[in-house]
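I opened the notebook to look up a few local features. The entries follow the order in which I went through them.

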Amino acid sequence: MSLVWHSIKLPPNEIYLDKLLRCGQAFRWVKNDNIWSSTLNNRVVFLRQIEDQLEYASLTSLKENSPKVKKLQPKLEEEIQDDVLGLISDYLNLQISIVQLYKDWASKDAHFAKVSAAFAGIRMLQQDPWETLISFICSSNNNVKRISKMCHALCLEYGDFIVEYAGTKYYTFPTPDQLASRASEASLRELGFGYRARYVYETSKMLADDKALFMQLHSMRSSNFTDEQVHEFLLQFKGVGPKVADCVALMSLNRHSLVPIDTHVLQFARRDYSYKFRGRSNATLSSAMYVDMKRFFVEKWGGYAGWAHSVLFTRDLKLE
DNA sequence: AAAGCAAGGTATACC
DNA sequence: GGTATACCTTGCTTT
């Protein structure tokens, strides 16, 4: 089984995989032999960059690629590849150019102008809302390494096997039904989820038991809802507070201006922007201060403040 | 080698 | 409205 590569012309300052796929937006991308891979829906996606080319390939289960299906629909293979391009374009948000956004942020913000050059190509992914919700419930008081480990464990234990390639077995991210029926709080604790086991299980159960709620979660991408409505909607899930709600809204529900305030943002707001809340430097982050700091960055960066935040967040992570 | 500590916070109990 | 505390685990840093 060999990969069939396709190419998109896209310079590294529009997308830089080596940082983007490790900067804590998504937790299931792995790099092997210079190729990044993960699964989207029930498909394995491979990505690599060579100069100005972003290349992609994909594999899926034999079931979908069966000779019977191919025979009935000769064009299927081509159509599948079109789908893959669409899938990847959506996931990577390729309809939005970040080069112009970087210039815009740099013109408004001297600090951004000074430090962003070394962090070019950090864009916002548009991920699956359900996976993003669970992933960021796992992120509380946690680190990227363990969050990744937990997300992989969910797929391995409760997802479906897709295909094996180059010695790696790929699994889907489990659906709410799968998680609610196959997992339990106890089994999740055994997998090392700690106190987040209950949150993950209860959120799965809520969405498995209420299909309308699951549909509603996905419908939150619609511009019919305000950022505030999306934020409030997400707070109903166990283990979701203001920060996680903003992450899910920004990274999976098109809420480009939301800036999730976490320990890193708190740090660089004070260190690099002399941010002070009502003239005082409070030690802990109150809800009033949370809201105020979000407003501070939206006023500074504008409608894509959440995207700008991701650049500085990546810088603060100190990858490598 | 053992202890200490921080890691993309949230829920809960109190004032 | 606002602030203090417990909470699981892991990997890295400090003794």
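This is a predicted model: local features need pLDDT of at least 70, side-chain atom pairs count only at pLDDT 80 or more; totals for chains, interfaces and linings use all residues.

**Entry 1: DNA strand C**

I started with the protein surface near DNA strand C.

With three residues, α7 gives the most.

I also checked which part of the strand faces the protein. Among the atoms of DNA strand C within 4 Å of the protein, 66% are sugar or phosphate atoms. The rest belong to bases.

R189 places a polar side-chain atom 3.0 Å from a phosphate oxygen of DNA strand C. What does N141 reach? I found a polar atom of its side chain 3.4 Å from a base nitrogen of DNA strand C.

**Entry 2: α6 and α11**

I turned to a helix pair. Helix α6 covers residues 129–137 and helix α11 covers residues 211–219. Their axes come within 9 Å and cross at roughly 95°. An angle of 65 to 115 degrees counts as roughly perpendicular, so I noted α6 and α11 as roughly perpendicular to each other. Which residues make the contact? From α6 I wrote down P129, W130 and L133. From α11 I wrote down F214, L217 and H218. Five of the contact residues are nonpolar, one is polar and none is charged.

**Entry 3: positive phi**

Last, I looked up backbone angles. Most residues other than glycine have a negative phi. I noted two asparagines with a positive value.

N34 has a phi near 70°. This residue sits in the loop between β2 (30–32) and β3 (35–40). Is N34 buried or exposed? Its relative accessible area is 53%. The cut-off for exposed is over 50%, so N34 is exposed.

N254 has a phi near 65°. I placed N254 in the loop that runs between α13 (242–252) and α14 (263–273). Its relative accessibility is 28%, so I logged N254 as partly exposed.

Methods:
Residues are numbered from 1 along each chain as its sequence is written. Chains are lettered from A and ligands numbered from 1 in the order in which they are written. Side-chain values use heavy atoms; hydrogens and water are left out. Axes are lines fitted to C-alpha atoms, for helices over the stretch in contact, and angles run from 0 to 180 degrees between N-to-C directions. Helices (H or I, at least four residues) and strands (E, at least two) are DSSP runs, numbered from the N terminus. Angles under 35 degrees count as roughly parallel, over 145 as roughly antiparallel, 65 to 115 as roughly perpendicular and the rest as oblique. Contact means heavy atoms within 4.5 Å. Ala, Val, Leu, Ile, Met, Phe, Trp, Tyr, Cys and Pro count as nonpolar, Asp, Glu, Lys and Arg as charged, and the others, Gly among them, as polar. A residue is near a molecule or strand if one of its heavy atoms lies within 4 Å of it. A polar contact is a pair of N or O atoms within 3.5 Å; within protein, one must be able to donate a hydrogen and the other to accept it, and residues adjacent in sequence count only if both atoms are side-chain atoms. Buried means under 20% relative accessible area, exposed over 50%, partly exposed in between (1.4 Å probe, protein chains only).
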